[in-house]
Amino acid sequence: MQSETKNILESINSPADLKKLDISQLPELCREIREYMVEILSHNPGHLASSLGAVEFTVALHYVFNTPYDKIVWDVGHQAYAHKILTGRRDEFSTLRKFGGLSGFPTPAESEYDAFVAGHASNSISAALGMSVAASLKQENRKVIAVIGDGAISGGLAFEGLNNAASDPNDLLIILNDNDMAIDHNVGSLNQYLVHITTSPKYNRLRYNMYMRMRKYGLIDEKHRGQILRFANSLKSLISRQQNIFEGLNIRYFGPIDGHDTAYIIRVLRDIKEMKGPKLLHLKTVKGKGYSPAEKDATVWHAPGKFNKQTGELIKPDISDGIPLYQYVFGETLVELAGKNEKIIGITPAMPTGCSMNKMAERFPSRTFDVGIAEEHAVTFSGGLAKEGMLPYCNIYSTFMQRAFDEVIHDVAIQNLHVVFCLDRAGLVGEDGMTHHGSFDLAYMRCIPNMTIAAPMNEHYLRHLMYTAQETPNGPFAIRYPRGRGHCREWRCVPQLLPVGKGRLLREGTDIALISIGEIGNAALEAAEMAGKEGIEVSVYDMIFLKPIDEEILHYVGKNFSKIITLEDGTVSGGLGSAVAEFMTENGYTPRIRRIGIPDEFIPHGKPEELKRMCKTDTESIYSAIKEECYKIKQQKQENQI
């Protein structure tokens, strides 16, 4: 059985090979794809459960449609591993999420089969609608399919796409992969609606057959399809005594059907493939399907890390030194603060486990809100809470906060509301790559009036800043901190009230000044110590706050140093380096300034240490920069003497 199974998958190098198989062979192929994913991901970690649940309909889509001419637009790209395996990347799958290897998400730069970037949730319907309208305008017989799932249907952009799907000329097909899960369990009334929706398969077949017969005998034409559809929807609502939200938007609805019955999915896809106008196929799937441990606990197995594929035992990383993750420190500290301050509210958009808001939910369930994949709502909801005297700690991953930029300005900053934004996963996050790096928060927050922006160098300062934020009710307060483990074994210090806008001197020297903010300050300090052993005396400043920035430190540095290196684990465009350069120019200081940070480009995926070396933000690169700049200073002095 094993060798026979291997021969099936090994024969599939493209969807053209897939189409050569008999439908009866497809369940066996699906089994092998799952086995292959489990094998690879057991020692090369990735997003497992989501893709396990998407195998059958992925096979069906490539079996029925003519990809890559027909376009499949994925939403929440971590459900697309089977898609990668079937589209010529099977042998490269072991390089998934490795530096220089396959991306963990669909990206057009990697394959012509990847129609659109899919790292953030809820964009598939809008993007696919654009492609479908373009095909119509160009008179191309191109099919476009949007695959949305893992809770992404609750995102605001998904609703905007649905709202427009019926009003523009298109033949868009939306596949709703309904597994009742995002990373944690889905929340909200839409999820409950999908759980309880009752649509008769017999009714769908009856209506479709009637429609085709009426067309055949010339009783209706496509010009009047909208009126016929609205009549059919009204009739169905009358019979079932409920309104289908999708059909209410004039989107033909089919389902729900078993998302793991490959043959039936293929049959339905073939039936509706040539139908005109937008349509939605609702598939009920099981996240983690086919691998028992993942089915039992899909949240843990969303991205489980390394594991023993035979036993399902997770292989925990060695943390014998007891240093915790930053997110763990955030969760524990929030519970401590909330225990003493009844106004504190916890908010997260679908990331309670990832950001450790689940700790707050366990201790104070009535004061903790998971709002689903809805970052914009999370921010404005926090603004409403703050307006009425509550103190929301709104935890959103840095990369996802980009989606709520307008709400931060319009619904919080303009009113100077006291909302604490906790931006998890700031900086280079590693294997998830360019769609997930928290590169831009320092820059995009810095331009907003009334905003306080801070970044801790270690876990102690994360606790200090979280405590300071509640004691400083003068507007929005953003705290950004990195993914991964910190630096302090004894992290549970007594939180201190920090003076807002004041930094600190970490090391005193006279040759060159290093000005840093956030976790990169640890590398700056190590590099300065290395340089000190060679007789180069380096001053190191931890600014703590980007806004307001410590002008006393900057005046001192401007007067006493001819060379400055700024360090940040964010983009060099608009962040700390830009702030320091602006200050020096505005105050008439003329030091040479070298900015070190994430370059003005999108950084690929890889291990954090690999990416830091690439961006030259690691200790060795900072040490080399110090030596280079001191050599330039020495050279300049010699030239001046001559």
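L173 sits opposite K279 in β5. Strands here are DSSP runs of E at least two residues long, helices are runs of H or I of at least four residues, and numbering goes from the N terminus. Two strands count as paired if DSSP finds at least two bridges between them. β3 also pairs with strand β2 (residues 144-149), again parallel, through 5 bridges; there, G149 stands opposite N177 in β3.

How many of the residues of strand β3 (residues 173-178) are buried? The count is 6 of 6, where buried means under 20% relative accessible area, exposed over 50% and partly exposed in between (1.4 Å probe, protein chains only). Both faces are covered, with L173, I175 and N177 on one side and I174, L176 and D178 on the other.

## The model as a whole

A quick word on what you're looking at: this is a predicted model, with local features needing pLDDT of at least 70 and side-chain atom pairs counting only at pLDDT 80 or more, while totals for chains, interfaces and linings use all residues. Residues are numbered from 1 along each chain as its sequence is written, and side-chain values use heavy atoms, leaving out hydrogens and water.

The protein chain has 26 helices and 17 strands, and 57% of its 642 residues count as buried. Take the contacts (heavy atoms within 4.5 Å) with a separation of 6 or more: 78% of them link residues 24 or more positions apart.

## An open five-stranded sheet

Another piece to look at is an open sheet of 5 strands, in the order β12-β14-β13-β16-β17 and with mixed pairing. β12 (504-507) and β17 (592-598) are the edge strands; each has a single partner, so one side of each lacks a neighbour in the sheet. From one strand to the next the twist averages 25°, using axes that are lines fitted to C-alpha atoms (for helices over the stretch in contact) and angles from 0 to 180 degrees between N-to-C directions.

Strand β16 (residues 563-571) and β17 run parallel, joined by 6 bridges. Within that pair, I564 stands opposite I593 in β17.

## Two nonpolar cores

A nonpolar core here is a set of buried Ala, Val, Leu, Ile, Met, Phe, Trp, Tyr and Cys residues joined through side-chain atoms within 4.5 Å. The largest has 77 residues, and Y393, M401, F421, M445, I479, I515 and V557 touch the most other members. Helix α15 (residues 326-340) gives the most to this core, with 7 residues. Leaving aside residues up to four places away in sequence, Y393 touches a list that includes L334, L337, M357, M466 and A469.

A second, separate core has 54 residues, among them A49, F57, A60 and Y81.

Helix α5 (residues 55-64) is largely enclosed by the rest of the structure, because 10 of its 10 residues are buried. F57 and A60 are among these buried residues.

α21 is mostly covered too, with 10 of its 13 residues buried, including Y461, R463, M466 and A469. Its 13 residues (459-471) should span 18 Å at 1.5 Å a residue, which agrees with the 19 Å between its end C-alpha atoms; the expected span is 1.5 Å times one less than the number of residues. At the start of α21, a side-chain oxygen of N458 comes to within 3.1 Å of the backbone nitrogen of H460.

Key: A polar contact is a pair of N or O atoms within 3.5 Å; within protein, one must be able to donate a hydrogen and the other to accept it, and residues adjacent in sequence count only if both atoms are side-chain atoms.
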